[in-house]
Amino acid sequence: MAGASMNDIKGRIKSVTGTMQITKAMELVATSKLRRARERIEASRPFHEIIGEAIDSIEGSSEIKNSVWSKKTEGKKPLYIVIAGDRGLAGGYNANIFRLTASLSTDKPACYLPIGKKALDYYTHRSLEIISSDYGYVSEVSVSDALDIAEIVCAGYLEEKFDSVILVYTRFVSMISQLPVYEQLLPLDRATESKSDTPDPLYGGDPEEILNKIVPEYVGGIINSAVCEALASESGARRTAMNAANKNASEIIDTLVLKYNRARQSVITQEITEIVSGAEAL
């Protein structure tokens, strides 16, 4: 019995050790990806910050009384652009995104544009309205893809297919902290955030036409920046999850080794007892 128990414990130790080697490798891969993703974040932020300031300036102009991009339409459904992960094993990364989106949509009918395999699978399995399923992997979404998404979104908004566009993604705070957030892309409400007494700027063309050209680029810039944030967040979440898995595996191995030593000691004690008893019988 004791020998069989020792063999079982040795088998479990071997199994857990093999799993820990895999989680260590995944942690190293996630750390490497995180480093590259953080570089992309730093490169993407200036673009949409500058173009956002330009939109503030143009939309705040007295020449634009009621921009179509700021008009709120009633009775339509919102569009949620949801950026989730490509794979699992990232703790609550994907679940947090879906939970936040569900809290925003409540019971109101909505349509979705999922980015990432987990988001696409989630909304497909629930038979919800998806306006595009072409972006199944976040890691493959480029700047041009983000601009294509912006064109789809802006065209649908102008055709009044939906009354608002809300982007849901995970913002990278630090290596151990990622925050699910949402941002309203359309209708624009940036100009109401900071009004000043500065005079209206001079434009080299019609402000409305300028706004029509710059808004899709602005939306594309925000989507691209959110993709970069999501990639870094997913890698950070996976690194944290794999690090926790390594610690748990190490604790399990320590416990199993202790059990194995106790079982081995019991076998040795039993053998000694049998030897002494045999000697006394002689």
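This is a predicted model: local features need pLDDT of at least 70, side-chain atom pairs count only at pLDDT 80 or more; totals for chains, interfaces and linings use all residues.
Q: How many helices and strands does the protein have, and in what order do they run?
A: The protein has five helices and five strands. Starting at the N terminus, the order of the elements is α-β-α-β-α-β-α-β-β-α. Of its 282 residues, 41% count as buried.

Q: Which strands pair with β2, and in what sense?
A: Strand pairing is read from the bridges between strands. Strand β1 (residues 77-83) and β2 are parallel and share five bridges; within this pairing, leucine 79 has cysteine 111 of β2 as its bridge partner. Strand β3 (residues 129-130) also runs parallel to β2, joined by two bridges. There, tyrosine 112 has isoleucine 130 of β3 as its bridge partner.

Q: Why is strand β2 described as largely enclosed?
A: The general idea concerns the two faces of a strand. In a regular strand, side chains alternate between the two faces of the sheet. In this structure, five of the five residues of β2 (residues 111-115) are buried, so the strand is largely enclosed by the rest of the structure. Both faces are covered: Cys111, Leu113 and Ile115 are buried on one side, and Tyr112 and Pro114 are buried on the other.

Q: How is a pair of aromatic rings read, and how many such pairs are there?
A: Two values describe a pair of aromatic rings: the distance of the centres and the angle of the planes. The count here comes to six aromatic pairs. One of them joins tryptophan 69 and tyrosine 157, which are stacked, at 6.2 Å centre to centre with 10° between the planes. Tryptophan 69 lies in the loop between α1 (2-59) and β1, and tyrosine 157 lies in helix α4 (residues 143-158), so the pair ties together parts that are 88 residues apart in sequence. Tryptophan 69 is buried, with a relative accessible area of 1%, and tyrosine 157 counts as buried at 5% relative accessibility.

Q: Why do the rings of tyrosine 112 and tyrosine 123 count as stacked?
A: Planes under 30 degrees apart count as stacked. The ring centres of tyrosine 112 and tyrosine 123 are 4.4 Å apart and the planes are at 20°, so this pair is stacked. Because tyrosine 112 is in strand β2 and tyrosine 123 in helix α3, the pair ties together parts that are 11 residues apart in sequence. Tyrosine 112 counts as buried at 7% relative accessibility, and tyrosine 123 at 2%.

Q: Which residues form a cluster of rings, and which charged residue lies over the face of tyrosine 122?
A: Tyr80, Phe98, Tyr112, Tyr122 and Tyr123 are linked into a cluster by ring pairs. Over the face of tyrosine 122 lies arginine 126, at 3.6 Å from the ring centre.

Q: How does the span of α4 compare with the expected one, and which of its residues are buried?
A: Helix α4 has 16 residues and reaches 22 Å from its first C-alpha to its last, close to the 22 Å expected at 1.5 Å a residue. Its buried residues are Asp145, Ala146, Ile149, Ala150, Val153, Cys154, Gly156 and Tyr157. After α4 comes glutamate 160, whose phi is positive, near 60°.

Q: How many disulfides does the structure contain?
A: A search of the whole structure finds zero disulfides. Cysteine 154 counts as buried, at 3% relative accessibility, and cysteine 228 counts as buried, at 3% relative accessibility.

Conventions. Residues are numbered from 1 along each chain as its sequence is written. Side-chain values use heavy atoms; hydrogens and water are left out. Buried means under 20% relative accessible area, exposed over 50%, partly exposed in between (1.4 Å probe, protein chains only). Helices (H or I, at least four residues) and strands (E, at least two) are DSSP runs, numbered from the N terminus. Two strands pair if DSSP finds at least two bridges between them. A disulfide is a pair of cysteine sulfur atoms within 2.5 Å. Rings of Phe, Tyr and Trp (its six-membered ring) pair if their centres lie within 6.5 Å; planes under 30 degrees apart count as stacked, over 60 as edge-to-face and the rest as tilted. A charge sits over a ring if NZ of Lys or CZ of Arg is within 6 Å of the ring centre and within 35 degrees of the ring normal. The expected span of a helix is 1.5 Å times one less than its number of residues.
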